[in-house]
Each structure stands twice: as structure tokens, then as C-alpha cells.
Amino acid sequence: MQLKEIISLVEGKLLTDHYDQNEKIDGAMGADLMSDVLASISPGAALLTGLCNPQVIRTAIIADIHAIIFVRGKQPEEETIDLANEENISIITTNLGMFEACGILYKAGMKSFEKQSLEDFNT
Amino acid sequence: MAAQKQKITDLYASDITRGEELAYELRIHEVMTKDPFCLNPEMKMETVLSIFQENRFSGAPVTFEGELIGILSLEDLIRSLRNNDLNGSVREYMTLSPITVNANDPVVEALKTFARTNFGRLPVLDAEGHLVGIITKGDISNGLLTALQRDYHEEEVIRYRASHLFEDIVSGRTSLILRYDIRKGDFVHGGNASSKIKRALLRLGASPQLARRCGIAVYEAEMNLIIHTNHGGSLRVEIEPYKITMEAYDDGPGIIDIEKAMQTGYSTATHEIREMGFGAGMGLININRCVDEMRLISSRERGTNLYMIMYLNENNGTPAKEE
């Protein structure tokens, strides 16, 4: 799914600049705990989260996440946006809640990058 | 909402600055079209029409005995067509003594002239006043893109040099050691060291998968130092041709029950730390999953030492084993 489709589906607003709106996002996951993100995610994903601090960006760098969607209208601080710009990670903010934002994307055909249980970890 | 708009404008502005920087660095002669096709003042407009059509020109300088005397644009050609005057000469329709720019001036001078005059092309003169080229906005865009490409290429060169480090330096046992001090409670910089380690590994030629696995492991270890130690601690990464050893150590308080700490979801993190998105009880489990070998040594007297080791093989894309 293209980044611009995601933005329009969640009625989101892009907070970072110079992004490739045709960039393909392969899948997504929703999480508020950073270790859950690291445990579960695959590269090239979008992360939906209600957590809104620079650590989210750092986690994204480590996990090769391409886009972050802040739910419930969360507004990151400027330093968070700066960091994302430096690392070419797109940040989107939406007024939708986590459940709704995830649901809309899932229904639109976005693949889930979440691993369902610990047993999946070794695969 | 207004503050939000401001933010984007600032970021947008910082983007422009990089372009401006290049516009000052690049000289006009570096981006212009050299030896442009020149028209003769006695040429008929009919000839110009076929030249412009064939070559898809939208304008050309007019020279007489090698000196620039005017410029003829598509609009001038249209004017002659309107007048049904294709027999007219270039001399009658050209713009005399056109505005020119100097070959040695920075590109920004040409940009300023374009903005001021609204012309589509400008003849370029050398120091002696001879016509050496022509510049359009398209030439400038291309020049800037090429320069950006060059910037990118320089990063590739750094990467190439770094990835040959292990081949160029011969010793009985070569290793590269990176050290980072991590402060207790420093959430603002949390993950900074790990990002740097990941980038260093990529520059050294590690595959993205390997860099990511190391990054995740060392990130969890870094956050543990920030969250759980008495006084912070250190990260030490030793890169050798055949393995990467990542070590996190601190001086306490030590892990009371290692077996429990290794259980999924078990965490001693406080409510505040969980609010920040940490303390899921997944840290050590994530690390164990990412690295080939993990060793955890902890005591109340000596604090905690965590060793994370990755063994490299041909497929992992490590510097010394390439080729």
C-alpha cells in the first residue's frame, strides 16, 4: 500500500517533509510497548502507536520501520519530528483511535506484520 | 494548529537551505549547456522554424562573427508566424543585447536573474565576454540533481573504504572496538548509541539483516542500562572478521533472579517507565532471539555483564570475508 493511500485512509496528516508518497509500505503493526515492536516487526513496515516520544523513532531506526502513525491525535515534539526527518522516516498523525485506525488499514488490505505468539519467534 | 503549520514551514525551509547551499557551491559553467547552437542574424525565420522543430529548441542565441548580438525565443518565432512573415530575418525579430550571466558566477546568480526577468534562457559569457554556453532552469535542476547524486556517491565511498578496513590492515588479530557510556535515566538519548552502532555496521559492509539483529539486541541492552542500573553503564562492541561481540555492563544493582528475568513478560520496571513504552518484560528475550549467543552474568557485588555474540559467515556480508 502506498503511503499516500494510508494517509487518506486514516484521514491523517503528514508531519515530516520530503517523503516519497509512492513509497510502498509492505505491512503494519500496532503497539505501545517498544519491545513488542522489536519482537514482532518486519522491515519496511508502518507502526501505529499511541506512544509519542523520540524513542519511537529510535525504535523505528533499529527495526527499519518506514512510517509511524500516531493515533488519537498525538502531536510529537519538534525534536521527534527532526529526528524522523534526519532518518527519512515518515510521521503521520491521525485523530482516529488505535483500534479504528488499525481496523481501517486492515480492512483495506494492509498486511499484518504482527507475530501472534512467542512460538513464532524462532521461525 | 498554527504551531503545527509553523513546524512544517521550518522543516521545509531547512530543505531549501540545502538546495541554496548547492546553488552557491555550483558554478554556472558546471551546469550550462556548452557550445549552444547559434543563429545567424540574416537567417530567415522559416529556417529557424525548421531548426527549432527538428531540435526541439525553445530559443537560441544569435551571433555575428563569433560575438553574441541577440537572442531569439519561441515567442519571437510565434510573433513572425502571426505576422505571416516567415520570410523575415532573425535580425528583425530577435531581442537585442540580451541579459547575460558570467560562466564563473555561482548558479544562484542565474536563479536570481531568472526570477527578476522571467526569461527562459540566458546566454553565458566567459571573462572575455565571449559566448560559451546557454543556461535554462532545466539545466539548473539537472545540475543540482547531479550534485546531490555526487553527495550520495561520497557516502558510498565512505562505506567502501570502511568495508575494506579489515583487508587493508593486516595483523594477527584485527578488531574494531566501539565504546559508549550510557547514563542512568537518560531517556532523551535512549537508543542513540544503538543507532550509531547499527550505522557503523552497515558502513562496514554488514547486511541489513545482520545490522538489524545487532541493532535490536544492543538497543534492548542500552534501554536496560538506562532503566535498571544504579549509575548507568557502558556498551562495548568489538567487531572482528569472524564475529561481533556486544557487551553491556554496569555496577549494579544486579539481577536477583536471572531465571525470572528471562521469562516472557516479567519486568521490574515501574509504572512511569511502562508509560514511556518500556518494561514489557521482553528485553532479554528479544536479545536472545536476535543473537547467536547470549551470556548473562550478574551479582549484587559486581553488577551485571551481558554478552551478545554474533558469529559471521560468508552470507552475512561481513567486511573481511567478502570476496
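## The side of chain B that touches chain A

In this predicted model, 28 residues of chain B are in contact with 25 residues of chain A, where contact means that the C-beta atoms of two residues, placed from the backbone, lie within 7 Å. The elements of chain B that give two or more residues to this side are α1 (2-25), α9 (192-203), α10 (208-228) and α13 (283-290), and the largest share, six residues, comes from α10(B). Helices (H or I, at least four residues) and strands (E, at least two) are DSSP runs, numbered from the N terminus.

By class, this side of chain B has 12 nonpolar, 10 polar and six charged residues; Ala, Val, Leu, Ile, Met, Phe, Trp, Tyr, Cys and Pro count as nonpolar, Asp, Glu, Lys and Arg as charged, and the others, Gly among them, as polar.

## An open sheet in chain B

Five strands of chain B form an open, antiparallel sheet in the order β8-β9-β10-β12-β11, with two strands taken as paired if DSSP finds at least two bridges between them. Because β8 (176-182) and β11 (293-299) of chain B stand at the edges with a single partner strand each, one side of each is left without a neighbour in the sheet.

Within the sheet, seven bridges join β10 (residues 243-250) to the antiparallel β12 (residues 303-311) of chain B, and B:Ala248 stands opposite B:Leu306 in β12(B).

## Numbering and limits

Residues are numbered from 1 along each chain as its sequence is written, while chains are lettered from A and ligands numbered from 1 in the order in which they are written. Local features need pLDDT of at least 70 and side-chain atom pairs count only at pLDDT 80 or more, whereas totals for chains, interfaces and linings use all residues.
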